[in-house]
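This report goes through one structure, from strand pairing to cores and the interface. The sequence and the coordinates come first.

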Amino acid sequence: MAAETRRKTPEEYLRECQAEEAAATSKGHLKIFLGYASGVGKSFRMLDEARRRRERGEDVVVGAMQPHVPADVEPLVRKLEVIPLKAGNAIDVEALICRRPLVCIIDGLAYDNPPGLRNATRWQDVKDILEAGINVIASINVQYVAELRERVEAITEKRVSETVPLSFIQSADEIEIVDASPPKAPMERPTERMQEHAERLSKLRELALVVTADIVDYQLNDYLERHGIKQRFGASERILVCITPRANLREMLEFGQIIAQKFHGELVVAYVKQGGLSPEDQSALEARLAIANAAGVHVEILEGNDPAEALLEFARLRGVTQLFVGHSQRTALARLKGSPLDKLIWEGHGIDVCVFPQ
Amino acid sequence: MTGHRRGQLKVFMGYAAGVGKTYKMLEEAQDLKASGVDIVIGYFEPHGRQETIAKTVGLEIVPRRKIQYRDSLFEEMDTDAILARRPKIAVVDEFPHTNVPGCERGKRWEDVEVLLAAGIDVLTTMNIQHLESLNDQVWQISGVRVRETVPDWVVEQAKEVVMVDLTPGALLNRLQRGVVYERAKAERALQNFFREQTLVALRELALRQAAHEVEHRMPEEQRSSVPKPRKHHRILVLVSADPKTAMVIRRAKRVSDFLGAECFAVTVQSNGDLSGLASADREAVERHLNFARNLHIETRILEGDDIASTLVDFGRRNQITQIFLTRPRRKAWPLAFSSDPVQKIIDFAKDMLVVIVSDREPAKR
């Protein structure tokens with residue numbers, strides 16, 4: 001077997017993984033446990049990992065705990081060295097860097113520091129600790145992701161003041177979701193307030209799962225790009241709506257939004273620039289672009305001599321799984337050479353073609 | 001049996017062996033036992049994992065039954081013994097498992113159905129790749145055609161679905177330390193499901209499915225759909241002998257489940273039954289219709305000489321909004337002149353959305 005086609009042995013595979021990891025280890029490794037509410041067991045999962053690492057001989061210290069340590073977490077913390085917080089709940093960054101453990105546990109990333117410290121927020125402190133080459137295992141609730149603030153506030157009807165930017169969470173080397181059924185209502189017949197509380201928790205839970213999926217998707221694409229892998233996996237539904245002069249765009253957009261939302265996927269809109277449009281088609285096209293604009297969707301403008309080919313190329317690049325197109329107006333005679341639809345159907349591997357009435 | 005309560009199902013969902021589903025389930029079982037609930041282990045697969053085995057200590061285990069098949073003795077869950085024991089909750093590992101021939105039921109999930117029907121709650125574990133409607137996507141991602149599948153409706157009726165997560169890095173680490181499988185099996189595993197990008201993609205699939213499961217369990221008016229679907233969707237699948245029909249049925253069912261739509265599968269035959277077909281084709285069509293029924297899709301054989309017009313007429317009479325079709329086989333001539341009804345259906349069904357489902361194939365390695 002030729003060397004380049006030979007499958008790697010597990011050892012080679014792992015050695016490669018380790019080499020890759022080692023290359024990135026001048027900076028500390030960040031692992032984040034993401035939860036959707038307090039009480040789902042983030043602290044436990046994190047401290048349990050700390051215990052296992054400690055048992056394997058790693059030097060683990062606790063840099064920050066929540067003010068109230070749950071009963072099942074308490075014994076785990078007691079076995080670890082704790083670097084006390086400074087006044088105002090701030091991490092003692094200097095003490096941690098001076099102590100230089102292999103791993104530092106930070107329970108709760110979303111805290112603002114009191115004025116006068118080196119950083120305004122705790123996540124910036126964590127960045128410094130990572131820069132110093134210390135690995136960090138941290139936890140956060142989905143409520144405190146800055147970019148989700150509006151959605152979270154709409155769900156909880158409470159103001160969120162301390163947040164962490166999504167980019168910092170995405171920069172984590174590993175992110176793990178701590179999922180659990182919502183804490184059970186203690187009574188057989190729950191009151192209306194408890195019902196509302198349960199619904200809120202469900203929405204936060206859904207949000208946490210989707211955010212994690214999006215981060216995983218982001219990291220997957222990053223991995224594929226770094227390794228020059230062209231394959232797309234279709235793990236996330238991506239809908240591409242194609243604007244043409246006669247397309248029933250309103251319906252396509254509306255349905256696209258529903259599908260994207262139901263599948264927790266993404267909607268992309270594009271049109272292929274074409275020369276030689278009749279004045280009627282040109283103004284029809286402009287009207288449709290205006291509809292897309294009004295709906296607040298971004299329209300990708302594609303170019304290419306072969307519209308079907310341009311669409312497919314873009315669709316493959318973006319990992320599209322469903323292509324929304326309008327019904328072709330061509331007569332049977334014009335289809336003699338095969339229509340663009342033929343091409344989309346035959347060459348769009350892994351892409352469903354959805355033909356809309358117009 | 002009036003006033004009889006059906007048992008509740010809780011599924012611990014993961015994306016690969018070794019992420020800790022069984023461990024998590026047993027942890028919960030221990031908590032329940034500690035709070036005084038009558039809970040037993042109905043089936044547990046140790047896989048030689050020490051930390052997991054330790055979690056069974058103190059839990060009552062209903063002995064497995066032994067079944068002779070050919071020259072070997074197999075062990076399966078003893079459903080009758082669990083029924084006789086009547087615990088409040090039974091812990092049943094590996095939901096998608098296929099029973100050895102000679103058992104009353106072919107699948108473990110069917111045994112679980114029996115327990116639930118008898119009013120026993122069940123905690124169980126499964127991986128995302130065993131969900132029927134994701135079979136083609138899993139094939140695309142991993143190159144593995146999973147044979148042991150669980151119909152979506154079985155999981156849908158679960159009271160709760162919880163995602164058990166672990167990062168692929170940590171999982172590969174476990175595999176390396178021999179925690180998940182013994183050496184030889186670990187090496188095999190690293191070449192298919194356990195390639196890093198495969199794990200990442202399966203994990204993403206599992207997370208999105210888990211999000212769907214959460215949304216699905218919310219009251220209708222609480223679901224975060226903007227805009228609200230204005231029309232009620234009804235989906236129609238054309239069944240033929242084409243082997244790709246199974247894929248289209250899965251896809252249509254998945255879309256209809258996510259949209260809360262109804263789904264029908266029909267085949268068009270000139271004499272209104274399958275007698276006019278050659279035996280291989282008849283078997284294939286029958287198999288596809290059965291497959292649809294097993295997924296809880298209503299099926300019908302329509303009488304008509306012209307597939308396209310018969311299908312679209314039926315669609316119009318039944319307020320169908322979407323028609324799902326297999327991709328026609330590639331020919332030298334354009335679709336418009338192909339004997340395949342796709343182009344004709346698109347032309348006739350001007351008031352419906354026509355979906356041509358594409359193949360989902362794994363990348364060449």
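How many bridges join strand 2 of chain B to strand 6 of chain B, and do these strands run parallel or antiparallel? In this predicted model, strand 2 (residues 39-43) and strand 6 (residues 89-92) of chain B run parallel and are joined by four bridges. Within this pairing, Val40(B) is placed opposite Ala90(B) of strand 6.

Both strands belong to an open sheet of six strands in chain B, with the order 3-2-6-7-1-8 and parallel pairing. The edge positions are taken by strand 3 (60-61) and strand 8 of chain B; each has a single partner strand, so one side of each lacks a neighbour in the sheet.

A second pairing crosses between the chains. Strand 11 (residues 352-356) of chain A pairs with strand 13 of chain B in the antiparallel sense, over three bridges. Here Cys354(A) has Val355(B) of strand 13 as its bridge partner. As a general point, strands of a sheet pair through backbone hydrogen bonds, in either the parallel or the antiparallel sense.

| Strand pair | Sense | Bridges | Facing residues |
|---|---|---|---|
| strand 11 of chain A and strand 13 of chain B | antiparallel | three bridges | Cys354(A) and Val355(B) |

The contact between the chains extends to 59 residues of chain A and 56 residues of chain B. On the chain B side, the elements that supply at least two residues each include helix 5 (135-142), strand 8 (160-163), helix 7 (168-176), helix 10 (245-259) and strand 13 (353-357). Helix 9 of chain B gives the largest share of this side, 13 residues. Sorted by class, the side of chain B that touches chain A holds 30 nonpolar, 12 polar and 14 charged residues.

Chain A has 12 helices and 11 strands. Of its 358 residues, 41% are buried. Among contacts in chain A between residues at least 6 apart in sequence, 73% join residues at least 24 apart. The domain assignment divides chain A into domain 1 (27-226) and domain 2 (238-356). Taken over C-alpha atoms, the centres of these two domains of chain A are separated by 42 Å.

Next come the nonpolar cores. The largest one has 120 residues, and Leu209(A) and Met13(B) have the most contacts inside it. Helix 8 (residues 192-226) of chain A gives the most to this core, with 11 residues. A second, separate core has 75 residues, among them Val241(A), Leu344(A), Cys354(A) and Ala252(B).

Leaving out residues up to four places away in sequence, Met13(B) touches residues including Met126(B), Ile128(B), Val161(B), Met163(B) and Ala206(B).

Just after helix 8 of chain A, Gly228(A) takes a positive phi of about 60 degrees.

Glu303(B) lies in strand 11 (residues 298-303) of chain B. Glu303(B) counts as exposed because it has 11 C-beta neighbours inside 10 Å, and 12 or fewer is the limit for that class. Glu303(B) and Ser270(B) are 33 residues apart in sequence, yet their C-alpha atoms are 5.3 Å apart. Beyond its neighbours within four places in sequence, Glu303(B) is in contact with Gln269(B), Asn271(B) and Gly272(B).

Methods: Residues are numbered from 1 along each chain as its sequence is written. Chains are lettered from A and ligands numbered from 1 in the order in which they are written. This is a predicted model: local features need pLDDT of at least 70, side-chain atom pairs count only at pLDDT 80 or more; totals for chains, interfaces and linings use all residues. Domain bounds come from an automatic or database domain assignment. A nonpolar core is a set of buried Ala, Val, Leu, Ile, Met, Phe, Trp, Tyr and Cys residues joined through C-beta atoms within 7 Å. A residue is buried if 20 or more other C-beta atoms lie within 10 Å of its own, exposed if 12 or fewer, and partly exposed in between; C-beta atoms are placed from the backbone. Two residues are in contact if their C-beta atoms, placed from the backbone, lie within 7 Å. Ala, Val, Leu, Ile, Met, Phe, Trp, Tyr, Cys and Pro count as nonpolar, Asp, Glu, Lys and Arg as charged, and the others, Gly among them, as polar. Two strands pair if DSSP finds at least two bridges between them.
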